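Please read the points below alongside the sequence and the model. They are meant for someone who has not looked at this structure before.

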Amino acid sequence: MRALLVAAPLLGHLFPLVPLADALRTAGHEVRLASAGPAATDAGVAVDDLLPGFRYQPVARRVALRHPLLARAEHAGTAGTRAAVVRLAEINRRLRQPLADLVASFAPQIVVYEPSAPIAATVAAEHALPAVLHEISLREGRPIAAAILARLGTMAGTDPIGTFTVAPASLVGERPGWPMRYVPYAAAGELPGWLREPPPDRPRILVTRPTATGRRPDRLMAATLAAGARLDAEIVLVRPDRRLMTRPLPDNARWVEWVPLPSALRTAAALVHHGGAGTMLTALALGVPQLVAAGPGDRRYDAKLLADRGAGLAVDTTDQLTPDALDRLLTDPALATAAAEVRAEIAALPAPTTLVDRLTTLTT
């Protein structure tokens with residue numbers, strides 16, 4: 001079987017598709033991953049670059065200028081998916097022709113796409129190919145994909161033949177589709193020696209930033225350093241901004257450049273981050289308690305689901321990231337218990353390797 005897996009041009013959208021791609025290849029099938037921008041050039045795996053030189057931020061800025069009220073609502077975390085749909089519709093419009101060219105040359109027998117790249121379903125329908133939706137976050141994927149296609153005016157024949165769901169039911173409720181275990185993935189990389197083992201005398205807190213962020217100042221990292229300066233814990237900043245890298249750090253803090261998050265989390269007691277779905281699901285899959293600063297887009301939604309489940313803490317602003325909040329993150333047994341419960345829940349779901357036959361039956 002030849003399978004084409006398609007993601008929007010963001011690393012956080014491509015990474016969740018890689019475990020299924022690996023499972024298909026292990027089973028002997030021919031697989032192509034397609035995306036653009038850093039998701040094609042920096043993923044650590046072979047990816048067809050549909051839009052060479054593509055950059056996400058200019059698109060986001062243009063949409064924000066055209067829709068200032070929507071941009072303001074998204075920044076406040078009250079826009080739902082509306083702002084993302086406007087941006088992604090513009091991106092999907094650009095992806096359509098190069099994706100159609102790839103389908104014509106590769107001749108896949110099935111197309112798998114994530115909710116932010118539904119133009120793949122349109123192209124699949126034009127070639128009479130089965131298309132399967134692969135959810136990558138805590139949001140239900142079909143409404144997002146449908147909203148993007150509706151904005152593009154291309155809906156006919158684009159309903160997926162099936163949907164892989166990865167969100168734990170204890171966070172989002174039962175969801176229609178084929179449940180699949182979320183398998184954490186990160187681009188290849190080595191951990192420094194000191195990060196391969198937990199510190200011998202105190203817990204470790206990892207602090208991460210969104211993959212789509214450049215080197216702009218990061219208030220969450222600065223707030224974590226301030227709140228944790230006297231905490232009996234090791235604070236590790238992953239890929240901090242330049243300003244923090246040039247300032248003296250507290251005695252209990254250090255930093256690293258890009259490291260594979262799943263590997264780094266295995267020696268961490270807790271994680272502080274911005275609420276991105278991939279980061280949150282990775283920590284949940286490893287049973288690591290999290291503190292999330294609710295942010296734009298889906299991040300406030302994700303943070304509330306996490307806090308409601310009890311597997312982590314959510315703060316509305318970095319001002320609420322206090323020493324007491326960090327201390328609770330490390331010491332509250334209820335958080336650790338809930339995180340472990342969700343880890344077991346995810347581990348009990350079918351692995352991607354067990355679902356390959358479901359795709360092959362769709363091509364016969």
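Predicted model: local features only at pLDDT ≥ 70, side-chain atom pairs only at ≥ 80, totals over all residues.

1. Residues are numbered from 1 along each chain as its sequence is written, and side-chain values use heavy atoms, with hydrogens and water left out.

2. The protein has 17 helices and 13 strands; helices (H or I, at least four residues) and strands (E, at least two) are DSSP runs numbered from the N terminus. Its radius of gyration is 20 Å, close to the 21 Å that the globule rule gives for 364 residues, so the protein is as compact as a globular protein of that length. That radius is taken over C-alpha atoms, and the rule is 2.2 Å times the number of residues to the power 0.38. Along the principal axes, the C-alpha atoms fill a box of roughly 60 × 45 × 35 Å.

3. Of the 364 residues, 55% are buried, meaning under 20% relative accessible area with a 1.4 Å probe, protein chains only (exposed is over 50%, partly exposed in between). Among contacts with a separation of 6 or more, 66% join residues 24 or more positions apart; a contact means heavy atoms within 4.5 Å.

4. An open sheet is built from six strands in the order β10-β9-β8-β11-β12-β13, with parallel pairing. Two strands pair if DSSP finds at least two bridges between them. β10 (253-256) and β13 (312-315) are the edge strands, each with a single partner, so one side of each has no neighbour in the sheet. Neighbouring strands are turned by 20 degrees against each other on average, direction ignored. Axes here are lines fitted to C-alpha atoms, for helices over the stretch in contact, and angles run from 0 to 180 degrees between N-to-C directions.

5. Two helices pack on this sheet. Helix α10 (residues 219-228) touches β8, β9, β10, β11 and β12, and its direction makes about 170 degrees with that of β9. Helix α15 (residues 323-331) touches β8, β11, β12 and β13, at about 140 degrees to the direction of β11.

6. What is the burial of β9? Five of its five residues are buried: E234, V236 and V238 point one way, I235 and L237 the other. Four bridges join β9 to β8, with I235 as the bridge partner of I205. Four bridges also join β9 to β10, where V256 is the bridge partner of V238.

7. There are two aromatic pairs. Rings of Phe, Tyr and Trp (its six-membered ring) pair if their centres lie within 6.5 Å; planes under 30 degrees apart count as stacked, over 60 as edge-to-face and the rest as tilted. The ring centres of F15 and Y185 are 5.1 Å apart with planes at 80 degrees, so this pair is edge-to-face. F15 lies in the loop between α1 and α2 and Y185 in the loop between β7 and β8, so the pair ties together parts 170 residues apart in sequence. Both F15 and Y185 are buried.

8. F164 and W178 have ring centres 5.3 Å apart and planes at 65 degrees, so they too are edge-to-face. F164 is in β6 and W178 in β7, 14 residues apart, and both are buried.
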